[in-house]
Amino acid sequence: MKRFANIFALILSTYALPALANTHPIKELRLWAEANTLRLVFDVAAPIDHNVFVLQHPTRLVIDLKNAALEGELPELPANAYFVSELRKGSPEPQNLRIVCDLDQPVKTKDFWLKPDSDSGHPHHRLVVDIEAPEWSIPKKQYESTDNKA
């Protein structure tokens with residue numbers, strides 16, 4: 001039985017270790033929100049294959065990153081990211097990372113790569129994903145007047 005376990009471990013390591021070695025670590029995921037935009041920035045050592053798309057019923061934005069793993073936990077959503085109700089991660093296939101933004105309304109997305117720029121403090125490649133809600137959906141601030149002398 002021990003011999004079978006050793007052979008199984010050898011076979012498993014033959015296939016699993018190369019896959020693990022090809023996993024690109026995501027050093028950090030940063031979030032920034034302003035008005036009707038949420039920006040996700042993934043810091044990685046080199047550009048990786050990715051796919052950004054929206055699913056309906058319920059509405060959600062999906063970011064699939066091939067052969068990637070997030071180092072650490074997901075950051076908390078900024079309080080002013082009003083159109084995203086939750087941020088979560090999963091793995092639809094081994095060695096792939098999926099980030100899902102549960103949305104409260106339809107959005108537009110744009111994704112692009114930025115090269116490392118050590119002069120400005122960014123030594124890694126960065127995948128940037130912008131999520132934009134319609135301008136009409138920006139919550140109106142309620143201003144209370146403390147000068148109600150009539």
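**Strand pairing, burial and side-chain contacts in a predicted model**

Strands β6 and β7 form a hairpin with six residues between them, and Q95 in the turn has a positive phi of about 75°. The model is predicted: local features need pLDDT of at least 70, side-chain atom pairs count only at pLDDT 80 or more, and totals for chains, interfaces and linings use all residues. Residues are numbered from 1 along each chain as its sequence is written, and side-chain values use heavy atoms, with hydrogens and water left out. Strands (E, at least two residues) and helices (H or I, at least four) are DSSP runs numbered from the N terminus, and two strands pair if DSSP finds at least two bridges between them.

**Strand β7 and its partners**

- Strand β7 covers residues 97-103; six of its seven residues are buried, so the rest of the structure largely encloses this strand. Buried here denotes under 20% relative accessible area, exposed over 50%, and partly exposed the range in between (1.4 Å probe, protein chains only).
- Strand β4 (residues 60-65) pairs with β7 in the antiparallel sense over six bridges. Within this pairing, R60 has D102 of β7 as its bridge partner.
- Strand β6 (residues 84-90) is likewise joined to β7 in the antiparallel sense, over six bridges. L87 has C101 of β7 as its bridge partner.

**The five-strand sheet**

- An open sheet of five strands runs in the order β5-β1-β2-β9-β8, with mixed pairing. The edges are held by β5 (68-70) and β8 (108-114); each has a single partner strand, so one side of each is left without a neighbour in the sheet.
- From one strand to the next, the twist averages 25°, where axes are lines fitted to C-alpha atoms (for helices over the stretch in contact) and angles run from 0 to 180 degrees between N-to-C directions.
- Strand β9 (residues 125-132) pairs with β8 in the antiparallel sense over seven bridges. D111 stands opposite V129 in β9, and T109 has I131 of β9 as its bridge partner.
- Strands β2 and β9 pair in the antiparallel sense over eight bridges. V41 is bridged to V128 in β9.
- Seven of the eight residues of β9 are buried, so this strand is largely enclosed by the rest of the structure.

- D43 lies in strand β2 (residues 37-44) and counts as buried, at 7% relative accessibility.
- The side chains of D43 and R30 are joined by a polar contact of 2.4 Å. A polar contact is a pair of N or O atoms within 3.5 Å; within protein, one must be able to donate a hydrogen and the other to accept it, and residues adjacent in sequence count only if both atoms are side-chain atoms.
- Neighbours within four places in sequence aside, D43 is in contact (heavy atoms within 4.5 Å) with P25, I26, K27, E28, R30, H124, H125 and R126.

**The aromatic pair**

- The structure holds one aromatic pair. Y82 and F83 form this pair in an edge-to-face arrangement, 5.1 Å centre to centre with 85° between the planes.
- Rings of Phe, Tyr and Trp (its six-membered ring) pair if their centres lie within 6.5 Å; planes under 30 degrees apart count as stacked, over 60 as edge-to-face and the rest as tilted.
- Y82 is partly exposed, with a relative accessible area of 22%, whereas F83 counts as buried at 0% relative accessibility.
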